[in-house]
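Subject: Structure for your attention, with notes

Dear colleague,

I am passing on the structure below, together with some notes on what was found in it. Please read the notes with the coordinates open beside them.

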Amino acid sequence: MRTKDESKVQLILKTALKMIARVGLAGLKMSDLAKEAGVATGTVYIYFEDKNQLIRELYLYLMHENTNDLTQELTGDEPLKIKIKKMARNFLENNIQNPEYGAFLEQYFRSPYFQEDDTTRKEEDQALQPIYQLVLEGQRQSLIKEANPELLVTLVSGMLHELAKQTIYTQKPVSSADWEMTFSVIWDGIRA
């Protein structure tokens with residue numbers, strides 16, 4: 001059996017992401033994907049059994065990539081509020097710089113490709129662990145509301161995702177004052 005060439009896997013996933021932003025999930029064809037990625041159609045099928053698996057793998061790939069991006073520049077000795085502020089800003093910037101991420105996720109969650117199974121949940125939990133750990137740390141310190149961490153993360157990410165979309169559509173950057181106000185609203189919403 002052939003070993004996977006991770007650079008080809010990433011090339012195919014990144015090309016699929018760009019294509020989905022352009023043609024949508026329904027418009028993605030494996031043969032077109034292969035052509036745009038510059039690989040043979042058979043090569044795509046070596047790495048991905050079918051379109052369903054490709055889309056699922058793309059979702060999991062983005063979950064891991066986004067989490068890695070969010071935790072950049074966090075250090076262990078910073079106050080919790082600063083860590084959350086940095087993570088929130090990283091989330092906002094990542095969504096502004098990569099609008100195809102949000103476009104994919106909106107389509108994915110509303111599509112028949114979205115299926116929650118034990119494997120997917122386990123991967124999601126693993127990818128989101130650094131974020132949930134931060135929330136739980138804040139709850140242990142009585143700084144963050146005693147609420148389901150998933151709910152709190154959803155509320156924060158939803159607000160930031162909408163701000164990113166507004167920034168992309170208007171092409172008006174988020175000013176320092178707007179960012180400070182945004183984070184103030186976020187912090188007021190989650191603090192104990």
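Predicted model: local features only at pLDDT ≥ 70, side-chain atom pairs only at ≥ 80, totals over all residues.

Residues are numbered from 1 along each chain as its sequence is written, and side-chain values use heavy atoms, with hydrogens and water left out.

Overall fold

The protein has nine helices and zero strands, where helices (H or I, at least four residues) and strands (E, at least two) are DSSP runs numbered from the N terminus; read along the sequence, the pattern is α-α-α-α-α-α-α-α-α. Taken along the principal axes, the C-alpha atoms fill a box of roughly 55 × 40 × 30 Å. Of the 192 residues, 41% count as buried, a term that means under 20% relative accessible area, with exposed being over 50% and partly exposed in between (1.4 Å probe, protein chains only). Among contacts (heavy atoms within 4.5 Å) between residues at least 6 apart in sequence, 67% join residues at least 24 apart.

Helix 1 and helix 6

Helix 1 (residues 6-27) and helix 6 (residues 99-109) pack at an angle of about 50°, with their axes 9 Å apart; axes here are lines fitted to C-alpha atoms, for helices over the stretch in contact, and angles run from 0 to 180 degrees between N-to-C directions. Helix 1 and helix 6 are therefore oblique to each other, given that angles under 35 degrees count as roughly parallel, over 145 as roughly antiparallel, 65 to 115 as roughly perpendicular and the rest as oblique. On the side of helix 1, Leu17, Ile20, Ala21, Gly24 and Leu25 take part, and they meet Glu100, Tyr101, Phe104, Gln107 and Tyr108 of helix 6. Sorted by class, this contact of helix 1 with helix 6 has seven nonpolar, two polar and one charged residues, with Ala, Val, Leu, Ile, Met, Phe, Trp, Tyr, Cys and Pro counted as nonpolar, Asp, Glu, Lys and Arg as charged, and the others, Gly among them, as polar.

The buried residues of helix 6 are Glu100, Tyr101, Gly102, Phe104 and Tyr108, and they pack against helix 1, helix 4, helix 5 (80-97) and helix 8 (149-170).

Aromatic rings

A search of the whole structure finds eight aromatic pairs; rings of Phe, Tyr and Trp (its six-membered ring) pair if their centres lie within 6.5 Å, and planes under 30 degrees apart count as stacked, over 60 as edge-to-face and the rest as tilted. The rings of Tyr59 and Phe109 have centres 5.6 Å apart and planes at 80°, so this pair is edge-to-face. Tyr59 lies in helix 4 (residues 51-70) and Phe109 in helix 6, so the pair ties together parts that are 50 residues apart in sequence. Tyr59 is buried at a relative accessible area of 2%, whereas Phe109, at 42%, is partly exposed.

Tyr108 and Phe114 form an aromatic pair that is also edge-to-face, at 5.5 Å centre to centre and 85° between the planes. Here Tyr108 is buried, with a relative accessible area of 0%, while Phe114 is partly exposed at 28%. Ring pairs link Tyr59, Phe104, Tyr108, Phe109 and Phe114 into a cluster.

Single residues

Lys83, in helix 5, counts as buried at 9% relative accessibility. Leaving aside neighbours within four places in sequence, Lys83 is in contact with Leu74, Thr75, Gly76, Glu78, Leu134 and Glu137.

Most residues other than glycine have a negative phi. Ser142, although not a glycine, has a positive phi of about 60°; Ser142 sits in the loop between helix 7 (118-140) and helix 8 and is exposed at 55% relative accessible area. Gln171, likewise not a glycine, has a positive phi of about 55°; Gln171 is found in the loop between helix 8 and helix 9 and counts as exposed at 70% relative accessibility.
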